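This briefing is meant for a reader who is meeting the structure for the first time. It begins with the overall fold and then turns to the helix contacts and the ligand.

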Amino acid sequence: MSVSENRNIAIVGVGSSMSKSLAIWLASLGWNIALVSRSGKSLSAIADEVRRAQKGKDCKVIYRAADAGDPEILKATLDWCVQELGDKLDVLSYNAARVAPSDITETTPEDLEQDFKVSAVGTLVAGQWFANGNARVDRIVEGEWPLFLITGGILDKEPEPIMASLSCVKAASQTLSRLFAKALPERANILVGMPLITGALVNPTTGEYNQEFHPDRIIPKLFKPFFEDRENRRDGKQGWTVERLY
Ligand SMILES: NC(=O)c1ccc[n+]([C@@H]2O[C@H](COP(=O)([O-])OP(=O)(O)OC[C@H]3O[C@@H](n4cnc5c(N)ncnc54)[C@H](OP(=O)(O)O)[C@@H]3O)[C@@H](O)[C@H]2O)c1
């Protein structure tokens, strides 16, 4: 199966890991890409790298610094993405989270509240925004569906005391994703996909990538099937796989 060229994606929560590898792969297919996270400096460097991956293809790579944990800012930023890309989105990737240890005996209420805003409230706001007329649904007649893609893991089912805050907020964001997966295909003609990574990408002791979980392996094996499967859907939403594990 192949993935169409020249589509539109916004990625919320962009860093040096899976989001960057996803953007680089899609740039090589000529996708127009909007990148959103809080650090403009980091976004500028990542956008340069993503542009280099276009290999002569004429597509837009734009970025904006914004806090996805603030609903009004997130909605305004996503509106800006659509405006700048010049069309609705084929895929909205919600990837923002604070991936960091927090021991259950030391996590503060403020940490938990802040992480909840980024992971859970952001997922809610992004999904509702996408369903509210911002997804490209006019290719469904050709079998191509828009996709809301929310990155997750297994901390919702196997919480870790040293990752207390992330475990809690991922349980909330993954429940929201599963609820969207039940509602959005019917109500908004949007498919929902949950790429779930079963291990840590980076070894906390060495700071190096665990080779098995390198983003350049995860994108083709875990993310690409969602992009392939949202196209050529002869049976519409029937048979769509919401959750995939890597
Ligand atoms: N890394 C892992 O081991 C692992 C394992 C399983 C699942 N996951 C999930 O995979 C996703 C991506 O993780 P990743 O490690 O690959 O990271 P990544 O794609 O490199 O980037 C995630 C980015 O999110 C941004 N972010 C954090 N808070 C934000 C906010 N309030 N508003 C906007 N952007 C924000 C951060 O950039 P700024 O600081 O510039 O905002 C961060 O660099 C996460 O949802 C994570 O839970 C990761």
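The protein has six helices and eight strands, where helices (H or I, at least four residues) and strands (E, at least two) are DSSP runs numbered from the N terminus. This is a predicted model, in which local features need pLDDT of at least 70 and side-chain atom pairs count only at pLDDT 80 or more, while totals for chains, interfaces and linings use all residues. Residues are numbered from 1 along each chain as its sequence is written.

**Overall form**
- Followed along the sequence, the elements give the pattern β-α-β-α-β-α-β-α-β-β-α-β-α-β.
- The C-alpha trace spans about 55 × 40 × 35 Å along the principal axes of the protein.

**Helix H1 and its partners**
- The axes of H1 (residues 18–28) and H2 (residues 40–52) come within 8 Å and cross at roughly 30°, with axes being lines fitted to C-alpha atoms, for helices over the stretch in contact, and angles running from 0 to 180 degrees between N-to-C directions.
- On the H1 side, Lys20, Ala23, Ile24 and Ala27 meet Ile46, Glu49 and Val50 of H2, two residues being in contact if their C-beta atoms, placed from the backbone, lie within 7 Å.
- By class, this contact of H1 with H2 has five nonpolar, no polar and two charged residues, where Ala, Val, Leu, Ile, Met, Phe, Trp, Tyr, Cys and Pro count as nonpolar, Asp, Glu, Lys and Arg as charged, and the others, Gly among them, as polar.
- H1 also packs with H6 (residues 215–229), at an angle of about 65° and with the axes 9 Å apart.
- In that contact, Met18, Ser21, Leu22 and Trp25 come from H1, and Pro215, Asp216, Ile218, Ile219 and Phe223 from H6; the residues divide into seven nonpolar, one polar and one charged.

**Helices H4 and H5**
- The axes of H4 (residues 109–131) and H5 (residues 164–188) come within 9 Å and cross at roughly 10°.
- H4 and H5 are therefore roughly parallel to each other, a term that covers angles under 35 degrees.
- Their contact comprises 13 nonpolar, six polar and four charged residues.

**Around the ligand**
- The ligand is surrounded by 25 residues, of which Gly13, Gly15, Ser17, Ser19 and Arg38 are the closest; a residue counts as near if its C-beta atom, placed from the backbone, lies within 6 Å of the molecule.
- This shell divides into ten nonpolar, twelve polar and three charged residues.

Methods
Parallel < 35°, antiparallel > 145°, perpendicular 65-115°, else oblique.
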